[in-house]
Amino acid sequence: MNLLYISISGNTKSFVERLSAFAEKQHEVDNTLPLFTTKEISENSPFESEEEAFITFVPTYLEGGNGVDNGDTEILTEVMREYLEYQENYKHCLGVIGSGNKNFNYQYCLTAKQYSEAFGIPVLADFELRGTDADLKRIYEVLKDLSV
């Protein structure tokens, strides 16, 4: 299964790398379980047409405001949105997993919710900051169920 992600502070990258390592350990026990291929999307990434299904991981960075009636403008992660739009890559996206900081209340994982609405893809899960071991297991189960 392919995992595409963007990471500004390193939190999302850390989570995706740990999730991939967790999947490898699970695969060693039962080789029918999925392995993950990861791809980081950044300002320097060449845009490619995605031909296989993938999951998108996106952190939340917004410009000011409260996220309810103002301040829900995506910043820093726009290149992922552009990548999904490129050659209609979003059509191969099975869903989005969001991350954020729960201190921001409604804005927590708002970028994932916006992607869901814009591209018609489900929000599959969320995690805070770098995520916990429990988040790894929970999200692995979600992705494992999608790969069956």
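Because the model is predicted, local features are reported at pLDDT of at least 70 and side-chain atom pairs at pLDDT 80 or more, whereas totals for chains, interfaces and linings use all residues. Residues are numbered from 1 along each chain as its sequence is written, and side-chain values use heavy atoms, with hydrogens and water left out.

**Whole protein.** Begin with a cartoon of everything: the protein has 4 helices and 5 strands, where helices (H or I, at least four residues) and strands (E, at least two) are DSSP runs numbered from the N terminus. Along the sequence these elements follow the pattern β-α-β-β-α-β-α-β-α. Of the 148 residues, 43% count as buried, meaning under 20% relative accessible area, with exposed set at over 50% and partly exposed in between (1.4 Å probe, protein chains only). Among contacts (heavy atoms within 4.5 Å) with a separation of 6 or more, 74% join residues 24 or more positions apart.

**Helices 1 and 4.** Next, select residues 11-29 and 133-147, which are helix 1 and helix 4; they pack at an angle of about 65°, and their axes lie 10 Å apart. Here axes are lines fitted to C-alpha atoms, for helices over the stretch in contact, and angles run from 0 to 180 degrees between N-to-C directions. The two helices are therefore roughly perpendicular, a class that covers 65 to 115 degrees.

**Helix 3.** Move to residues 110-119, helix 3, where 7 of the 10 residues are buried and the helix is mostly covered. The buried residues include Leu 110, Tyr 115 and Phe 119, and the buried set packs against strand 3, helix 2 (78-85), strand 4 (93-100) and strand 5 (123-128).

**Glu 50.** Finally, select Glu 50, in the loop between strand 2 (37-40) and strand 3 (54-59). Is Glu 50 buried or exposed? Its relative accessibility is 9%, so Glu 50 counts as buried. Leaving aside residues up to four places away in sequence, Glu 50 touches Leu 4, Lys 39, Tyr 83, Asn 89 and His 92.

Terms used
Parallel < 35°, antiparallel > 145°, perpendicular 65-115°, else oblique.
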